[in-house]
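Please keep the sequence and the coordinates open while reading.

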Amino acid sequence: MFTGIVEELGAVERLEHGSDSAVLWLRGATVTADAVHGASIAVNGVCLTVVEVKGQVFGVDVMAETLQRSSLGGLTVGDPVNLERAMPANGRFGGHVVQGHVDGTAAIVSREPGDRWEVVTFELPVELARYVVEKGSITVDGVSLTVSAVADGTFSVSLIPTTLDLTTLGRKGVGDLVNLEVDVLAKYVERLLASGAPTGVSA
């Protein structure tokens, strides 16, 4: 599990493409400090398993399903990536519950600079719209954010200077794709409500 608090801005070191998969080699001094084979690291919000560590570079396997459902398939050498290690059991919960299971991708619709902050508006896929509410949580490229507005087919967030400086969201432009993960608690509530009251239980 993750919390959507990006630990560092890493970079794509090397790409190895297969017929329906890929191996990504990523550089990150912080996340490799204690990384071992089998560790989980979120890359732009996608939970991936470390298969090898070489100094400050680590390799991860990316399967076809992940390439199709996320923006990772479009990465090129040198691209910056948001990196976060899995949360330790005794860690501080800084963001919200993030699984690293991407629900879909969306393009940036607009950027509106403020004094020291920026309002960024994204597409809102119709199949995810019911899970996104104003003042609710959403994960964008692995960053835990609060939804500032929801409109027909879009949602907006307000980015503070720290987020603009230390994550990929400060570097992406209109039309660029991002990974979205909606609040998993909303999906569980929907499932429970859809299943109705339990039967066969006596008082």
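## Pairing of β9 and β12

In which sense do β9 and β12 pair, and over how many bridges? The two strands pair in the antiparallel sense over 3 bridges, where strands are DSSP runs of E of at least two residues, numbered from the N terminus, and two strands count as paired if DSSP finds at least two bridges between them. Within β12, the residue that stands opposite I138 is V182.

## Basis of the model

The model is predicted, and local features therefore need pLDDT of at least 70, while side-chain atom pairs count only at pLDDT 80 or more and totals for chains, interfaces and linings use all residues. Residues are numbered from 1 along each chain as its sequence is written, and side-chain values use heavy atoms, with hydrogens and water left out.

## The barrel

A barrel is closed by 6 strands, which follow one another in the order β7-β8-β11-β10-β9-β12 with antiparallel pairing. From one strand to the next the twist averages 45°, with axes taken as lines fitted to C-alpha atoms and angles running from 0 to 180 degrees between N-to-C directions.

Several of the pairings can be followed residue by residue.

## The nonpolar cores

The largest nonpolar core holds 22 residues, and those with the most contacts inside it are F122, I138, V140, L145, F155 and L180. Such a core is a set of buried Ala, Val, Leu, Ile, Met, Phe, Trp, Tyr and Cys residues joined through side-chain atoms within 4.5 Å; buried means under 20% relative accessible area, exposed over 50%, and partly exposed in between, with a 1.4 Å probe and protein chains only. At least two residues of this core come from each of β7 (104-113), β8 (118-123), β9 (137-140), β10 (143-151), β11 (154-159) and β12 (177-182). A second, separate core has 17 residues, including V12, L26, V46 and F58.

Leaving out residues up to four places away in sequence, V140 touches F122, L145, F155, L169, V178, N179 and L180, contact here meaning heavy atoms within 4.5 Å. Strand β12 is mostly covered, since 5 of its 6 residues are buried.

## Ring interactions

The structure holds 1 aromatic pair. Its members, F122 and F155, are stacked at 5.2 Å centre to centre with 25° between the planes; rings of Phe, Tyr and Trp (its six-membered ring) pair if their centres lie within 6.5 Å, and planes under 30 degrees apart count as stacked, over 60 as edge-to-face and the rest as tilted. Because F122 lies in strand β8 and F155 in strand β11, the pair ties together parts that are 33 residues apart in sequence. F122 counts as buried at 1% relative accessibility, and F155 is buried with a relative accessible area of 0%.

A charge is also found over a ring: the charged end of K54 sits over the ring of W25, 4.8 Å from its centre, the criterion being NZ of Lys or CZ of Arg within 6 Å of the ring centre and within 35 degrees of the ring normal.

## Loop residues

Although N44 is not a glycine, its phi is positive at about 50°. N44 is found in the loop between β3 (40-43) and β4 (46-54), and at 2% relative accessibility N44 counts as buried. K135, also not a glycine, has a positive phi of about 75° and lies in the loop between β8 and β9, but at 61% relative accessibility K135 counts as exposed.

In the loop between β2 (21-27) and β3 lies V36, whose contacts, apart from neighbours within four places in sequence, are V50 and V53. The C-alpha atoms of V36 and V51 are separated by 8.0 Å, with the two residues 15 residues apart along the chain.

Key
Helices (H or I, at least four residues) and strands (E, at least two) are DSSP runs, numbered from the N terminus.
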